[in-house]
Amino acid sequence: MRASRLLSLLLLLQAHGRLTAAELARRLEVSVRTVYRDVESLHAAGIPLYGEAGHAGGYRLVDGWRTRLTGLTGEEADRLLFAGLPGPAAELGYESVVATLQLKLRAALPPPLADRAARLEQRFHLDTPGWYSDGDPSPYLAAAAEAVWREHRVRVRYRSWSGEVSRVLEPYGLVLKGGRWYVVAARPDRAEPATYRVNQILDLTPLDEPFDRPEFDLPAWWRAHVVAFRARLHRDEATIRLSPAGRARLREVASDAVVGAVDASAGPPDAAGWVRAVVPIESLTHAHGDLLRLGAEVEVLSPAALRDRLAETATALAALYHRPPA
């Protein structure tokens with residue numbers, strides 16, 4: 001552990017040029033006193049490292065000195081994909097490995113390229129969860145990732161749309177979509193893989209049962225799965241009227257398919273600026289919830305069942321808010 005920290009300290013100085021003891025302590029997640037002891041150990045080992053006092057001081061390596069201890073370990077090479085994804089790497093339990101990997105990659109770069117990498121890191125940031133969610137935490141994500149890597153079966157208790165089920169799964173891969181993790185897995189009695197949201201796994205038990213993973217192109221399979229999902233999603237349609245405010249807000253609350261349908265089918269606005277359009281809907285229940293978000297800026301003309309359901313909700317809301325507060 002200490003040897004790894006000493007190497008990390010060297011790589012940090014090699015990548016950044018000069019760092020104070022406080023900055024090194026923060027990056028290494030140790031105390032300043034520990035940094036002082038580590039620096040003394042490096043001095044004793046003959047590393048050309050020196051400190052500068054004053055406001056702009058700190059520790060630095062002698063100009064031109066570079067460590068050659070930048071080779072990747074097997075585990076670091078395995079995690080190379082996550083070098084630019086610190087958030088997902090942390091969720092999977094790879095945070096410390098990826099942090100060391102990033103240091104080694106930067107230390108291996110010549111100074112001009114290292115400077116460009118540092119600038120890129122400060123100018124572009126990937127934040128996968130949505131605005132109204134902190135992501136998709138699950139106590140079983142790391143175990144699912146381990147099973148994917150080892151190609152071992154797992155037994156899960158899972159919350160599906162029909163209730164809790166128990167399954168033995170052969171996990172092929174993990175996908176992060178919109179801040180949510182999904183495991184793509186087959187079942188021993190069913191060859192075609194399916195998706196399982198990791199957050200809905202209620203219990204996971206690793207099994208000492210390896211399986212033969214077939215030739216499986218996870219990115220290609222996922223792209224086809226998304227296309228098929230979207231094709232199944234909107235099976236019906238509704239005719240609506242939208243106010244100018246409703247149409248402007250539509251992009252915030254509706255899918256691209258609905259927004260595109262309005263753009264394609266909307267007729268000329270009436271005297272009040274309202275437009276009439278035909279939009280795809282998944283079901284009456286989903287459409288009811290989605291259109292309620294537009295309030296009085298949308299009117300459903302058909303189907304009658306959807307119009308009636310929205311009218312019932314509007315009547316119930318009016319009755320609720322006309323009643324004096326309890």
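**Close-up views of a predicted protein model**

**View 1. The crossing of helix 10 and helix 11 is left-handed.** A crossing is called left-handed if the near helix is turned anticlockwise from the far one by less than a right angle, and right-handed if clockwise. The model is predicted: local features need pLDDT of at least 70 and side-chain atom pairs count only at pLDDT 80 or more, while totals for chains, interfaces and linings use all residues. Residues are numbered from 1 along each chain as its sequence is written, and side-chain values use heavy atoms, with hydrogens and water left out. On the helix 10 side, R247, L250 and R251 meet V258, V259, V262 and D263 of helix 11 (contact means heavy atoms within 4.5 Å). This contact comprises four nonpolar, no polar and three charged residues (Ala, Val, Leu, Ile, Met, Phe, Trp, Tyr, Cys and Pro are nonpolar; Asp, Glu, Lys and Arg charged; the others, Gly among them, polar).

**View 2. Helix 2 has buried residues along one face.** In helix 2 (residues 21-28), the buried residues are A21, L24, A25 and L28 (buried is under 20% relative accessible area, exposed over 50%, partly exposed in between, with a 1.4 Å probe and protein chains only). Down the helix axis they fall within an arc of 100 degrees, so they line one face; the arc is that of the directions from the axis to the C-beta atoms. An α-helix has 3.6 residues a turn, so residues three or four places apart point the same way. Just after helix 2, E29 takes a positive phi of about 60 degrees.

**View 3. Helix 2 meets helix 3 (residues 32-44).** The axes of helix 2 and helix 3 come within 8 Å and cross at roughly 105 degrees, which makes the pair roughly perpendicular. A21, A22, L24 and A25 of helix 2 meet V32, V35 and Y36 of helix 3. Seven nonpolar residues form this contact, with no polar and no charged ones.

**View 4. R187 lies in strand 6 (residues 180-187).** R187 is buried, with a relative accessible area of 17%. Leaving aside residues up to four places away in sequence, R187 touches R167, V168, L169 and Y196.

**View 5. The whole protein has 13 helices and eleven strands.** Helices (H or I, at least four residues) and strands (E, at least two) are DSSP runs numbered from the N terminus. Of its 326 residues, 36% count as buried.

Key: Axes fitted to C-alpha atoms, helices over the stretch in contact; angles between N-to-C directions. Parallel < 35°, antiparallel > 145°, perpendicular 65-115°, else oblique.
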